[in-house]
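Colleague: I am new to this structure and would like a close look at one part of it. Could you take me through the links between side chains, and then through what surrounds them?

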Amino acid sequence: MGINHFILALISFTCLLSFSASTNAPPPLFDASSPTSLELYDMIEAMSESPSPFAFDGIELESIENLLSILPSGVDPALQQICGNTDHPVECIIATMPFLGEKTPIEPLSILKAGIEAMDNQTKYALAEVTKLSMDPTTPKNVVPILQTCIDVYNSILNSDQKSLEAISNRNLVQLSTELGANVENILGCDNAFKQAKLKSPMKKMDAMLEKIISNTLTIGVDMVHF
């Protein structure tokens with residue numbers, strides 16, 4: 001895919017997210033029904049997994065600065081700077097933009113709150129999907145207990161999200177770090193349960209995106225937020 005196609009895909013996707021935010025129903029970051037999001041997801045995977053430098057259409061991107069330089073001009077430079085200091089900057093931008101109001105100050109705390117909202121939103125989508133699978137009569141009986149483990153995992157993440165927001169309200173950095181760190185472990189539970197059963201998790205791609213959002217919120221919460 002050429003670099004121009006990537007930019008067009010990202011513009012289209014960010015516009016979709018902005019519209020969804022205005023309707024209070026942001027779509028899941030990994031939505032298998034959307035060709036644009038699938039295309040962008042594949043690009044994100046290539047960025048995160050390929051060793052630097054990596055190339056698009058013969059153009060080498062040797063650093064995160066090079067990567068951020070090809071994003072649409074509508075992405076706030078302050079947001080680029082904050083997300084550029086996370087392990088997954090593109091996911092950081094895409095995840096938080098729908099939860100940032102026009103008058104929201106672009107600072108680590110507001111980006112952290114937006115990241116937690118994005119995490120909460122994506123977890124609810126994952127929870128709905130895994131619950132549907134667990135209730136499907138065609139799901140093999142030996143898989144249902146594993147899916148229940150995934151349900152428990154997602155509920156734990158939602159619980160930690162609420163405690164994280166409470167910690168922010170109480171300006172409690174210790175509690176905030178604890179809850180954000182707990183989600184790093186929580187998100188591994190579903191995939192690990194399938195691995196132990198030597199089965200492929202149907203939630204793998206959703207979990208992979210959630211894992212990156214969780215990683216980013218931890219980085220921002222621990223390294224950038226100061227009460």
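Modeller: A search of the whole structure, which is a predicted model, finds 5 salt bridges. One of them joins the side chains of Asp120 and Lys124, with 3.1 Å from N to O. Both residues belong to helix α6, which covers residues 108-135, and because they are 4 residues apart there, about one helical turn separates them. Asp120 has a relative accessibility of 11% and is therefore buried, the cut-off being under 20%, whereas Lys124, at 47%, counts as partly exposed. Leaving aside the neighbours of Asp120 within four places in sequence, this residue is in contact with Leu158, Asp161 and Gln162.

Helix α6 also holds Glu129 and Lys132, which lie 3 residues apart, again about one turn of the helix. Their side chains meet in a salt bridge with an N to O distance of 3.6 Å. Glu129 is partly exposed, with a relative accessible area of 26%, while Lys132 is exposed, with 54%.

Another salt bridge, with 3.4 Å from N to O, brings together the side chains of Asp191 and Lys204. This pair links distant parts of the chain, since Asp191 sits in helix α9 (residues 188-196) and Lys204 in helix α10 (residues 204-224), 13 residues apart. Asp191 counts as buried at 14% relative accessibility, and Lys204 is partly exposed, with a relative accessible area of 39%. Asp191 and Lys204 are also linked with Lys195 in a network of salt bridges.

A disulfide is a covalent bond between the sulfur atoms of two cysteines. The count for this model comes to 2 disulfides, and when the bonded cysteines of the chain are numbered in sequence order, the pairing reads 1-2, 3-4. In the disulfide of Cys83 and Cys92, the sulfur atoms are 2.1 Å apart, and the link is left-handed, with -60 degrees about the S-S bond. Both of these cysteines are buried, Cys83 with a relative accessible area of 0% and Cys92 with a relative accessibility of 3%.

In the disulfide of Cys150 and Cys190, the sulfur atoms are 2.0 Å apart. The torsion about the S-S bond of Cys150 and Cys190 is about 75 degrees, so this disulfide is right-handed. The pair links distant parts of the chain, with Cys150 in helix α7 and Cys190 in helix α9, 40 residues apart. Cys150 is buried with a relative accessible area of 0%, and for Cys190, which is buried too, the value is 0%.

Conventions:
Residues are numbered from 1 along each chain as its sequence is written. This is a predicted model: local features need pLDDT of at least 70, side-chain atom pairs count only at pLDDT 80 or more; totals for chains, interfaces and linings use all residues. Side-chain values use heavy atoms; hydrogens and water are left out. A salt bridge is a side-chain nitrogen of Lys or Arg within 4 Å of a carboxyl oxygen of Asp or Glu. Helices (H or I, at least four residues) and strands (E, at least two) are DSSP runs, numbered from the N terminus. Buried means under 20% relative accessible area, exposed over 50%, partly exposed in between (1.4 Å probe, protein chains only). Contact means heavy atoms within 4.5 Å. A disulfide is a pair of cysteine sulfur atoms within 2.5 Å.
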